[in-house]
Amino acid sequence: MRSELLERYRALPLPSTTDEPWRFTDLKGFDPDTFVSNGHVRGQTPAGAAGSMLDLDVAALATVTEDGIEIERAPEGVTFEPLRDHEMLGTLVGADEKFAAHNAALWEHGLLVQVPKGVVLEKPLYVRIANSHDDGALFWRLLVVAEPESRFSVVEEYASARPDLAGYSNAVSELFVGQGAKVEYVSLQNLSAETWHFASHRARVDRDAELDWVAGGFGSKKGKTRIQNDLAGAGATSRVTGAYFADGEQHLDYDTFQEHIAPNTTSDFAFKGALRDHATAVWRGMIKVEKDAQKTNAYQENRNLILSEQAHADSIPGLEIEANDVRCTHGATISPVNRDELFYAMARGISRGEAERLIVRGFFTDVLNRIELEPVREAVTEALEARIPQA
Amino acid sequence: MAATPETEIVAGIGNDYKYGFHDEENYVFKSERGLSAEVVAAISERKNEPDWMRKFRLKSLEYFMARPLPEWGGDLSQIDFDNIYYYIKPTEEQANTWEDLPADIKNTWDRLGIPEAERKFLAGVGAQYESEVVYHKLQEKLESQGVIFKDMDSGLRDHEELVKQYFGTIIPQNDNKFAALNSAVWSGGSFIYVPPGVSIEMPLQAYFRINAENMGQFERTLIIVDEGAYVHYVEGCTAPIYTTDSLHSAVVEIIVKEGGRCRYTTIQNWSTNVYNLVTKRAVAYKDATMEWVDGNLGSKLTMKYPAIWLLGERAHGEVLSIAFANKGQHQDAGGKAVHVAPKTTSTITSKSISKNGGRASYRGLLEVAKGAEGAKSKVVCDALILDEDSRTDTYPYISIDENNVDIGHEATVSKIGEEQLFYLMSRGLSEAEAAAMIVSGFVEPITKELPLEYAVEMNRLIQLQMEGSVG
C-alpha cells in the first residue's frame, strides 16, 4: 500500500506555475526528494528542541520531530496517542495531489485525537511539530475525531529547532466534527524562513456541529497551505480566522475552500495579512454551494496590508453557487499603510515605527478578536507585533 | 423573398425571442464549410487586400491551429469548426440608402428597427449581414469634421496607413485562440477615427446580423479616439434560431488618446444557438476615459471580458456588465482593468441574473503593475439567482505589484427578497411582475448609464426573459 502511494507520488509531476492553483507559487529550485525523510541522518544529531510561541496550560502534550512522536501527557478517557491505521484516515485528504501523496506515502509519526461522545475538555490538547534536522523532511499527520456532543480544543504548532534550519515540512490533518460537537482547532506555523512547508488541512463538520479554526502563518520559506471545510450536515457552522505576516523573502500561499453540502450551513472565513520587505502572499478562496445546500450563509474575506515597496499580494476569491436560496459574500482588499493615519500619528510625536505598529495592530484587531482562546490570541498578537522593527 | 412566417418563428423560440426569423439565402458568394489556408487566402483575394494583410491572416491561421481550446470558462467542446461557413458575401455592393438593399435584407433591418433608430437618434449606422457590412451611413456634418466611420474593409482600402499602424497592436494576432481565428478570417466590423477635439454627440451604431445556418461571423473593429475627442459606439446583434450552432468571434481594438473618451455599448442578443467568443480591449492614455457597457442577454455561450489598459497618468476605466443567463445559456462575462500608469482609476460593476437552469459567471482581472502608484480600483459583483436549477460563479482575479494602491473587491450572491416580493404584491402586482420589477431595479445602476432608447430596450429584453418566471 505504501509503495503504491509512493508510486502515485512519483507519477505526479511537481506543480508548476502553469497549473492554475500554483500560478503565483513558483517551486523552481525545490526538489522534495533531496530532503532526508523521517530522520535517520547519518552522523548528525538533532539541533535541539524548538521553542514555542505559546504559553499554554494544556491537558495533553505531544512533540513530533523527524525522529518520532513523544506523548508527554494525555488526559483520562480521551484518545491522544500515536496514529496508526484508522478507518477514517485518508478519507478527507487522499493522495490525488503531489504533496498529499508524498505525505500519504511517507508519514510515520502522526497523532490520533479521539474524544468520546459528550466529553468536554476545558484545557486544550497541544502538539508541537518541530523540524529538527538540517535538510530533513518531516511528514506530519493529524487525525482528529470529535464524537457527537464533545467539546475541546486542539492546538498544533509548527516550529524549527533553529531559525536558519533548512527543511521540508509536509503536513496533513483531517478533522471530523461529529453531530453537535464543538471543536476549536488552532494551527500556528512558525517554521524557519528556510523551510518549505506544504499542508493540507480538511475538516468535515456534521449536523449542528461547530468548528472554530485559527490559522496563523509567520514562518516558512515557501509552499502552500490548503484549508478545506465541508459543511456536511444541516446546521453545521465553521469559522476560520487567518492571520499572517511575512517579511524578508518569504512567500505564503493559502488556498481555502468552503464546501457547503447540506442546507442551513454557515461558513465564515476571514484572512488578514501584512507583508514587508520582499515578502509575497497569495490567497485563494472558493465558496462552493451545492444544489441541496439551501439557506447557506457563506462569507469570505481577505485583506492585505502592504508595508514596503517590494511586498506583493495576490488575492483570488471565488464563488460557485448552485443553490438559489443563499447569502454569499466575499471581499478582498490590498492597501498600503494609510499615509494620512501615519502622518496624523507622527504629527503627535509618535515615532514612525510606533505609528506603524499602531496601524498594523488596528488592521488585525478584528481578526484577533475572533480568536476565542486567550493565550492563542496573545501569542498571535505578539508574533505579529514582533515582525515590525523598532524605530 | 419574404421572411419566414411568424408562426414558425414563434414555434422555434420558446422564450419569446422575436428575432428568430431568417431570410432565404440569396448570396453573391459563400465559402465552403470549414477552415483552411485556401479559405483564408480566398477571403483575402476576394477582398483584394494588400499583401501584408494576406500574410497576417495566414500567420494567424497557423496560430489558431497551434493553440489548444481553452480549458477554462465555458464548454467549447461542441463547436464543430469544420461545419462552419467562414465567409459569406450577401450583396455585391454596399448601400448607403436602405432602399438600395435587396428587399428581404431591407425587410430584416426594418423588423429590427434600425432605419427608424437611425432617423431618430443616431449619428451614423453600419449594418453587417453575414460577413459584410451591407449598409453604411455617416452624417455629412461629421464627415466634414474629419470623422471616419466605415466598415473595416473600406477602412483598410481607404486608410491603409492608419489601419496598418494600429491593427493587431492592441490585441496581437496570437493573443488567444479566438483572436487568432478572427485575425485569420475577419470580415466587416467598424473602422472609426475621431479627430482631436471632435465630440460626436449622438451615438454611432453598428448592427450585426447572422442569417445563415452554421454561419461564422468574425467582424473586426478598430476605434481611434484622438486627443480630447469623444465617441459613443453602440452595437447590437441578433440571429435566427437554428437547431445547429453558429459562431461569432469578434475582435475589437480601441485607442483613446490623451484627454479623449470612448464609450462602447453592447446589447448582445444572439439566439441561443450562437457561440459568442469575443476579445475586446482598449488602451487609455493620459487623462483619457474608456467605458465598456456590456449587456449579454443572448447566445448559447458567451466568453467575453472587455479589457482596459490604463497606460497614461490619471486615465480612467469603467466596465459595466449585465449578464442574464436563461435556460441552456452560459454567460461567462466580466471585465479587466490593467493599471500601468500612476493615479489611474477603474471601476468594474457586474450584475448577473441566472434563471431556469442558466449559468452566469463573472470572470475578471484587476492588475496593478509596478509603478502605477496611487492607482485606485473597485470591483463589485452582484448576482441574483432566481431558482434552484440555476448557477452563478464569481472568479475575480486580483494581482497587485505596486504597494501604494487602493484596491477593493466585493461580491454578493442572493435571491429575490421575499419581503420585497411581498411588498410589491401587496400593491397589486402579480408575482411575475414583482419579480421583473425587482430584477429591473437590480440592474438599474447599469441601465441608467444607457441612452434612453437602449435603456428601454434593455429593460424590455429583461422583461421578456422574466416572462413565465416565478420569483
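I began with the secondary structure of chain A and found 5 helices and 20 strands. A reminder to myself: this is a predicted model.

Next I looked up how compact chain A is. Its radius of gyration is 20 Å, close to the 21 Å from the globule rule for 391 residues, so chain A is as compact as a globular protein of that length. I also noted the extent of the C-alpha trace of chain A, which is about 65 × 60 × 45 Å along the principal axes.

Then I turned to burial. Of the 391 residues in chain A, 54% are buried. For contacts in chain A with a separation of 6 or more, I found that 84% join residues 24 or more positions apart.

On to the contact between the two chains. I find 30 residues from chain A and 29 residues from chain B taking part. Which strand of chain B gives the most to the side that touches chain A? It is strand 23, with 10 residues. Strand 23 (391–400) and strand 24 (406–414) of chain B each supply at least two residues of that side.

Strand 20 of chain A, residues 326–336, pairs with strand 24 of chain B; the sense is antiparallel, over 7 bridges. I picked out A:Gly331 and looked for its bridge partner in strand 24 of chain B, which turned out to be B:Glu410.

Note on methods:
Residues are numbered from 1 along each chain as its sequence is written. Chains are lettered from A and ligands numbered from 1 in the order in which they are written. This is a predicted model: local features need pLDDT of at least 70, side-chain atom pairs count only at pLDDT 80 or more; totals for chains, interfaces and linings use all residues. Helices (H or I, at least four residues) and strands (E, at least two) are DSSP runs, numbered from the N terminus. The radius of gyration is taken over C-alpha atoms; the globule rule is 2.2 Å times the number of residues to the power 0.38. A residue is buried if 20 or more other C-beta atoms lie within 10 Å of its own, exposed if 12 or fewer, and partly exposed in between; C-beta atoms are placed from the backbone. Two residues are in contact if their C-beta atoms, placed from the backbone, lie within 7 Å. Two strands pair if DSSP finds at least two bridges between them.
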